[in-house]
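Subject: Structure handover

Hi there,

Here is the structure I promised to pass on to you.

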Amino acid sequence: MLAEERFAMILDLLAQKRSATVLELCDALDASESTIRRDLNELEQRGHITKVYGGVTATVPSGAVPTPIRSGLNQIDKSLIGRLAAEEVADGDTIFIDSGTTTLCLLRFLVAKKRITIITHSLGALSEASKYDNLNIISLGGIYSPTTDSFVGLSAIEALSSMRINKAFMGATGVSLTAGMTNTTFLEAEIKRAVVHRADNIYGMVDSSKIGKEAIVTFCHLKDLTAFITDCEPPKEYVDLCNAENVKLRYE
């Protein structure tokens, strides 16, 4: 297992439990004590954890694994989801790209599309989209949030009020049958809710590791989606819900 993968797993566990002992982390990651201690030293230097007697506590918000670490996780699965999502984009579409490392993977598969307009509050999406000459880019602006690598706040929501979005491609921290698509931060969730309200079609882009998990804020229910895009067949109860609610289910 790569170091960045261990970092993400440690932070994900701490985001759920808020604290853990070294031995608990060794068991959870099937790693030696010396490896875990080196990882904890690195995470403390980055400011993501605080070491306390006998263990560590999280310094990031619940569920909010930092973007640079998340970007290294499940890259193959995210690339697959990005390709499937791009197949839903037609020439001339105006699309919203949500913040997150999964939705970001959509952009590289749009190179053959024509007259595509990208609306986003994601700094990463703005940077990636600027590499492609065929994409028109609209930034929502707002206050920058390092945790989500995106711009949030009232000005971003107000900017959305005058925009028409054909298709919105939305990421999530977790997705479940009861809570739907969920997120860890309230300001980010407000942006997501505003987009869901304005978009003609909503596409959920979630890798299978997030299915069955819940974060603190719901911004969209599964029945509200046009399509649910993931990397492999989800559990039967998710398939049944999508069929019952006429939600297109895409995976490979």
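Of the 252 residues in the chain, 51% are buried (buried means under 20% relative accessible area, exposed over 50%, partly exposed in between, with a 1.4 Å probe and protein chains only). This is a predicted model, in which local features need pLDDT of at least 70 and side-chain atom pairs count only at pLDDT 80 or more, while totals for chains, interfaces and linings use all residues. Residues are numbered from 1 along each chain as its sequence is written, and side-chain values use heavy atoms, with hydrogens and water left out.

The chain has ten helices and 15 strands; helices (H or I, at least four residues) and strands (E, at least two) are DSSP runs, numbered from the N terminus. A contact here means heavy atoms within 4.5 Å. Taking contacts between residues at least 6 apart in sequence, 62% join residues at least 24 apart.

**The cores**

In soluble globular proteins, nonpolar side chains tend to be buried together. For the cores below, I used sets of buried Ala, Val, Leu, Ile, Met, Phe, Trp, Tyr and Cys residues joined through side-chain atoms within 4.5 Å. The largest nonpolar core has 29 residues, and Phe96, Ile165, Met170, Met181, Val195, Leu225 and Phe228 have the most contacts inside it. At least two residues of this core come from each of α8 (154–160), β9 (165–170), α9 (186–198), β12 (199–205), β13 (217–220) and α10 (236–244). With four residues, α9 gives the most to this core. A second, separate core has 22 residues, including Ala86, Leu110, Ile116 and Phe169.

Back in the largest core, Phe228 is one of the residues with the most contacts inside it. Leaving aside residues up to four places away in sequence, Phe228 touches Val175, Gly204, Val206, Ile211, Leu222, Cys242, Val247, Lys248, Leu249 and Arg250.

Which residues of α10 are buried? They include Tyr238, Val239 and Cys242. These residues cover an arc of only 100° around the axis, which puts them on the same side of α10; the arc is that of the directions from the helix axis to the C-beta atoms. Among the elements that cover the buried residues of α10 are β10 (174–176), β14 (227–229) and β15 (248–250). The face turned away from the buried side of α10 carries Lys236, Asn243 and Ala244, which are exposed.

Helix α2 (residues 22–29) has Val22, Leu25, Cys26 and Leu29 as its buried residues. Down the axis of α2 they fall within an arc of 105°, so they line one face of the helix. Leu23 and Asp27 are exposed on the other side of α2.

Just after α2, Asp30 takes a positive phi of about 55°, although Asp30 is not a glycine. Asp30 sits in the loop between α2 and α3 (33–46) and is exposed, with a relative accessible area of 73%. Asn246, in the loop between α10 and β15, has a phi near 60°, again a positive value in a residue other than glycine. Asn246 is exposed too, at a relative accessible area of 70%.

**A three-stranded sheet**

Three strands form an open antiparallel sheet in the order β10-β11-β13, where two strands pair if DSSP finds at least two bridges between them. β10 and β13 are the edge strands, each pairing on one side only. From one strand to the next, the twist averages 40°; axes are lines fitted to C-alpha atoms, for helices over the stretch in contact, and angles run from 0 to 180 degrees between N-to-C directions. Strand β11 (residues 180–183) pairs with β13 over three bridges, and Met181 has Cys220 in β13 as its bridge partner. Helix α9 packs on the sheet, touching β11 and β13, and its direction makes about 15° with that of β13.

**A buried lysine**

Not counting residues up to four places away in sequence, Lys167 touches Glu88, Val89, Ala90, Asp93, Thr94, Ile95, Phe96, Asn201 and Tyr203.

Best wishes
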